[in-house]
Amino acid sequence: MTCECDREQDVLDAMAAGRWPGRSDAELRAHVNACGICRDLADVATALLSDQEIARREARVPPAGVVWWRAQLRVREDAARAAGRPVAFIQGVAASVAVWLLIALYRALPVEYVAEWRAWLTEFVPNATLTMSDVSRLAAAVPLVVLLTVGVWLVLAPIAIYLAVVDD
């Protein structure tokens, strides 16, 4: 039992050209009726071509201008994303450096200053009246508070900018 026929390509060519079955020659139609392989080929190919035509009619292809516009948007978004990667990396490095700088500055402070600041922080109650010693301790703690505030800002600012700009 053979699985191929010499006329298969002729049947496929007639179908591809849109000549099957009405405009094809009578000899080819007679061969397809007589040959089981070509008959099966014609049935399957006719079903596939019919499905292809239905899919082509049902397809909703947007206008070329819309496709071009979307492609331009995608290119711009990809370029912005690619340009933002080094900036995000540098921001991460800067935040890491800021944290290490804060740690180094904290360790460089005199022990007495840090101990006094900690004692003031634990003793200070917001509703209590301030004495001159409290004011002097507060004035002594201002540089450290400013330093800590700037450090926190350096760490949190890139994160806040990222969250404000992200599209997701």
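Guide: A salt bridge is counted here when a side-chain nitrogen of Lys or Arg lies within 4 Å of a carboxyl oxygen of Asp or Glu. The model is predicted, so local features need pLDDT of at least 70 and side-chain atom pairs count only at pLDDT 80 or more, while totals for chains, interfaces and linings use all residues. Residues are numbered from 1 along each chain as its sequence is written, and side-chain values use heavy atoms, with hydrogens and water left out.

Across the whole structure, a search finds five salt bridges. One of them pairs Arg-7 with Glu-27, whose closest N and O atoms are 3.3 Å apart. Arg-7 belongs to the segment before α1 (8–16) and Glu-27 to helix α2, so this pair ties together parts that are 20 residues apart in sequence. Helices (H or I, at least four residues) and strands (E, at least two) are DSSP runs, numbered from the N terminus. Glu-27 counts as exposed, because its relative accessible area is 53%; the classes are buried under 20%, exposed over 50% and partly exposed in between, with a 1.4 Å probe and protein chains only.

The side chains of Arg-56 and Glu-53 meet in a salt bridge, with 3.2 Å from N to O. These two residues are three positions apart in helix α3, so about one helical turn separates Arg-56 from Glu-53. Glu-53 also meets the side chain of Arg-57 in a salt bridge, here with 3.8 Å from N to O. Glu-53 and Arg-57 are four residues apart in helix α3, and therefore about one helical turn separates them as well. Elsewhere, salt bridges that share partners join Arg-7, Asp-10 and Glu-27 into one network.

Helix α2 (residues 26–34) and helix α3 (residues 36–58) pack at an angle of about 105°, and their axes are 5 Å apart. The axes are lines fitted to C-alpha atoms, for helices over the stretch in contact, and the angles run from 0 to 180 degrees between N-to-C directions. Helices α2 and α3 are therefore roughly perpendicular to each other, a label for angles of 65 to 115 degrees; under 35 is roughly parallel, over 145 roughly antiparallel, and the rest oblique. His-31, Val-32, Asn-33 and Ala-34 in α2 meet Gly-36, Cys-38, Arg-39 and Ala-42 in α3, where contact means heavy atoms within 4.5 Å. Gly-36, which lies in helix α3, is partly exposed with a relative accessible area of 31%. The C-alpha atom of Gly-36 is 9.4 Å from that of Cys-5, although 31 residues separate the two along the chain.

The wider chain gives this part its setting. The secondary structure of the protein chain comes to six helices and zero strands, in the order α-α-α-α-α-α along the sequence. Of the 168 residues in the protein chain, 15% are buried. Among contacts with a separation of 6 or more, 59% join residues 24 or more positions apart. Ala-94 is found in helix α4 (residues 64–108) and is partly exposed, with a relative accessible area of 44%.

The protein chain exposes about 13100 Å², and carbon and sulfur atoms supply 66% of that area. Ile-159, in helix α6 (residues 132–165), is partly exposed at 45% relative accessibility.

How values were computed:
Areas by Shrake-Rupley, 256 points an atom, 1.4 Å probe, with all protein chains shown as cover.
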